[in-house]
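I opened this notebook to record what I looked up in one protein model.

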Amino acid sequence: MKNRLLLLVLLLAGTGSSAWAQSRPYLKKPVKGKSATSKNAPKPPPVYAPIVIQKAADNEDGPPPVVVNKVKLKKPVLVYYQEPAPGKVVQQLIMSEENLPLLKTNDLEHLMQRREVFVDGLGNLALPGSDVNKQRLLGTSTVAEDTRRPAGDGRCFYSRLKVPSSGFLYVVRESAEEYRHFVKGPQKKGAMLDFQVNGLPGIDSVRAAYTLRKTDNSERGAGTGETIR
């Protein structure tokens, strides 16, 4: 009889403990499992935040802010584009060396619409927080090698860019107006403006590539200097 009473007491105690634990879920131990993210998952590509160069005050009318984006090209080159004869339109384009075959299959208008092709910037811009008298954004032609090589399409030539170790260029969306009137000049390597010619009839804006340059006192205003980024 005593054994039966002891067994009954133990059963009642076990049932009570189980019910008490179920009524308090926060006391339950978490179940170990696999992490939601795998260590071998590929890392997303880096996202470079745009840099706002200039912005009008909230209470005053003015031009929209100028937005600069960073871009990193593999073996960037400056292409001296020349339109097939009898055309005389020329342009300076920026792209990776591996994309030079695009010159064989695309005219200038279609090249400018491709995301991997940029135009050599004509502006002289300052980044926010920088001293405009000491460093500024200038066109990538300032860091192009003197050597010009055939681009493989029978017309164009290219020079490699001596970009800094970071490999970054700065891209600004600009109006196409200042870029659409370049034609072949009388000199073999020169270019000139002809406002009777529109080399970009279907293009409203271009993505202009720049490099950040540092200038000393003797070079300020000359557009030359040491590349710092």
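Entry 1: I began with Glu97, which counts as buried at 18% relative accessibility; buried means under 20% relative accessible area, exposed over 50%, and partly exposed in between, with a 1.4 Å probe and protein chains only. I noted that the model is predicted, that local features need pLDDT of at least 70 and side-chain atom pairs pLDDT 80 or more, while totals for chains, interfaces and linings use all residues. Residues are numbered from 1 along each chain as its sequence is written, and side-chain values use heavy atoms, leaving out hydrogens and water.

I then looked up the partner of Glu97 and found a salt bridge with Arg160, with the closest N and O atoms 3.1 Å apart. I applied the criterion of a side-chain nitrogen of Lys or Arg within 4 Å of a carboxyl oxygen of Asp or Glu. The pair links distant parts of the chain, 63 residues apart: Glu97 lies in the loop between β4 and α2, and Arg160 in strand β8 (residues 157-160). Arg160 is partly exposed, at 30% relative accessibility.

**Entry 2: other salt bridges.** I recorded six salt bridges in the structure. In one of them, the side chains of Asp194 and Lys88 meet at 3.6 Å, N to O. I located Asp194 in the loop between β11 (191-193) and β12, and Lys88 in the loop between β3 and β4, 106 residues apart. Lys88 is partly exposed, with a relative accessible area of 42%.

I also checked Asp153, which forms a salt bridge with Arg155 at 3.3 Å between the closest N and O atoms. Asp153 is buried, with a relative accessible area of 16%, whereas Arg155 is partly exposed at 23%.

**Entry 3: overall fold.** I listed three helices and 13 strands, taken as DSSP runs numbered from the N terminus (helices H or I, at least four residues; strands E, at least two). Of the 229 residues, 34% are buried. I looked at contacts (heavy atoms within 4.5 Å): among those with a separation of 6 or more, residues 24 or more positions apart account for 59%. The protein exposes about 15400 Å², of which carbon and sulfur atoms supply 54%; the areas come from the Shrake-Rupley method with a 1.4 Å probe, and for residues only the protein chains shown count as cover.

**Entry 4: nonpolar cores.** I defined a core as a set of buried Ala, Val, Leu, Ile, Met, Phe, Trp, Tyr and Cys residues joined through side-chain atoms within 4.5 Å. The largest has 32 residues, and those with the most contacts inside it include Val79, Leu93, Met112 and Leu200. Elements that each supply at least two of its residues include β3 (76-82), β4 (90-96), α3 (108-112) and β12 (205-214). The largest share, four residues, comes from β12.

I followed Leu200 beyond its neighbours within four places in sequence: Leu200 is in contact with Leu108, Met112, Ala176, Tyr179, Arg180 and Val206. A second, separate core of 12 residues includes Leu73, Tyr80, Leu169 and Ala209.
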